[in-house]
Amino acid sequence: PVDRPIPLGLPIELEAGRLQALFAASGRRLTAATFRHAYATHRLEDGMPLASLGCILGHQSVMVTLQYLETAVGLRRADYEASHPLRLGRGAKADGFTLAEYEALVEAAERDEERLIFRLLFASGLRLSELLGLGAADVQREEGKLFVRSGKGDKDRYVLVDRETVQALPEVDPLFSVSSATPIATMVRRAAQKAGLLEKYS
């Protein structure tokens, strides 16, 4: 057995036994195919389009390639749960957009749809164009995630969302009555003014 790090010619080094231990803890077997799976997962995390990766791997169906995307985002669930203000019940920075300010904005919203849009934006980090592009088929309720099609740079990806938010989303299309960013900007400005936050964020 090797008792020192194995240089891989990459910015990281693989400690002997480390990967085996991680796979043992997960209940999965470490095999030669692990290298292929790791390659695919890292390429997606680095921004390679799903279709391009599928071609490189020789997949006949994009659904097979999607499995790697699910692995990549699944590895981040613990980080999301441990750090997002909605999960912690507190804000992170006094000079940033705090949880208390978010709650004031939601309270000032005029309609339930506005409150849901505010919550989804805060819970997911979606761009407005990505939120507007979501369909009912993109909402994975049990896994607590959304499939974003052709995001910035024409990249597909999964986005983690807390389960309370994802369960609140409609189950049929369209998810929202608005179809452009302008009405959402108006919602935010109106609620911010009512909540006394407009001057701070204008």
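**Close-up views of a predicted model**

**Figure 1. A salt bridge joins arginine 190 to glutamate 110.** In this predicted model, the closest N and O atoms of arginine 190 and glutamate 110 are 3.3 Å apart, and the two residues form a salt bridge. The pair ties together parts that are 80 residues apart in sequence, because arginine 190 belongs to helix H11 (residues 181-195), while glutamate 110 sits in the loop between helix H7 (99-108) and helix H8 (112-124). Arginine 190 is partly exposed, its relative accessible area being 33%. Glutamate 110, with a relative accessibility of 52%, counts as exposed. Both residues also take part in a network of salt bridges that links Glu110, Arg111, Glu113, Glu114 and Arg190.

**Figure 2. Aspartate 112 and arginine 115 pair within helix H8.** These two residues form a salt bridge in which the closest N and O atoms are 2.9 Å apart. Both lie in helix H8, with a spacing of 3 residues, or about one turn of the helix. Aspartate 112 is exposed, with a relative accessible area of 61%. Arginine 115 has a relative accessible area of 27% and is partly exposed.

**Figure 3. Glutamate 164 forms a salt bridge with arginine 119.** In this pair, the closest N and O atoms are 3.6 Å apart. Arginine 119, by contrast, counts as buried at 17% relative accessibility. The structure as a whole holds 11 salt bridges.

**Figure 4. Helices H7 and H8 pack in a roughly antiparallel arrangement.** The axes of H7 and H8 cross at roughly 160 degrees and come within 9 Å. The two helices are therefore roughly antiparallel to each other. On the H7 side, the contact is made by Leu99, Tyr102, Leu105 and Val106; on the H8 side, Arg115, Phe118, Arg119 and Phe122 take part. Sorted by class, the contact of H7 with H8 has 6 nonpolar residues, 2 charged residues and no polar residues. Arginine 115 of this contact also forms a salt bridge with aspartate 112, and arginine 119 forms one with glutamate 164.

**Figure 5. Helices H3 and H4 pack in a roughly perpendicular arrangement.** Helix H3 (residues 50-57) and helix H4 (residues 62-74) pack with their axes 9 Å apart, at an angle of about 110 degrees. This angle makes H3 roughly perpendicular to H4. Leu50, Leu53, Gly54 and Leu57 of H3 meet Val62, Thr65, Leu66, Tyr68 and Leu69 of H4. The contact of H3 with H4 has 7 nonpolar and 2 polar residues, with no charged residues.

Figure 6. Arginine 76 counts as partly exposed, at 37% relative accessibility. When neighbours within four places in sequence are left aside, arginine 76 is in contact with Glu45 and Leu160. The C-alpha atoms of arginine 76 and valine 159 are separated by 9.8 Å, although these residues are 83 residues apart along the chain.

**Figure 7. Aspartate 138 is a buried loop residue.** Aspartate 138 is found in the loop between helix H9 (128-132) and strand S1 (139-140). With a relative accessibility of 4%, aspartate 138 counts as buried. A polar atom of the aspartate 138 side chain lies 2.9 Å from the backbone nitrogen of glycine 135. Leaving aside neighbours within four places in sequence, aspartate 138 is in contact with Gly133, Lys145, Leu146, Phe147 and Arg149.

Figure 8. The protein chain has 12 helices and 3 strands. Among the contacts with a separation of 6 or more, 54% are between residues 24 or more positions apart.

Conventions: Residues are numbered from 1 along each chain as its sequence is written. This is a predicted model: local features need pLDDT of at least 70, side-chain atom pairs count only at pLDDT 80 or more; totals for chains, interfaces and linings use all residues. Side-chain values use heavy atoms; hydrogens and water are left out. Axes are lines fitted to C-alpha atoms, for helices over the stretch in contact, and angles run from 0 to 180 degrees between N-to-C directions. Helices (H or I, at least four residues) and strands (E, at least two) are DSSP runs, numbered from the N terminus. Angles under 35 degrees count as roughly parallel, over 145 as roughly antiparallel, 65 to 115 as roughly perpendicular and the rest as oblique. Contact means heavy atoms within 4.5 Å. Ala, Val, Leu, Ile, Met, Phe, Trp, Tyr, Cys and Pro count as nonpolar, Asp, Glu, Lys and Arg as charged, and the others, Gly among them, as polar. Buried means under 20% relative accessible area, exposed over 50%, partly exposed in between (1.4 Å probe, protein chains only). A polar contact is a pair of N or O atoms within 3.5 Å; within protein, one must be able to donate a hydrogen and the other to accept it, and residues adjacent in sequence count only if both atoms are side-chain atoms. A salt bridge is a side-chain nitrogen of Lys or Arg within 4 Å of a carboxyl oxygen of Asp or Glu.
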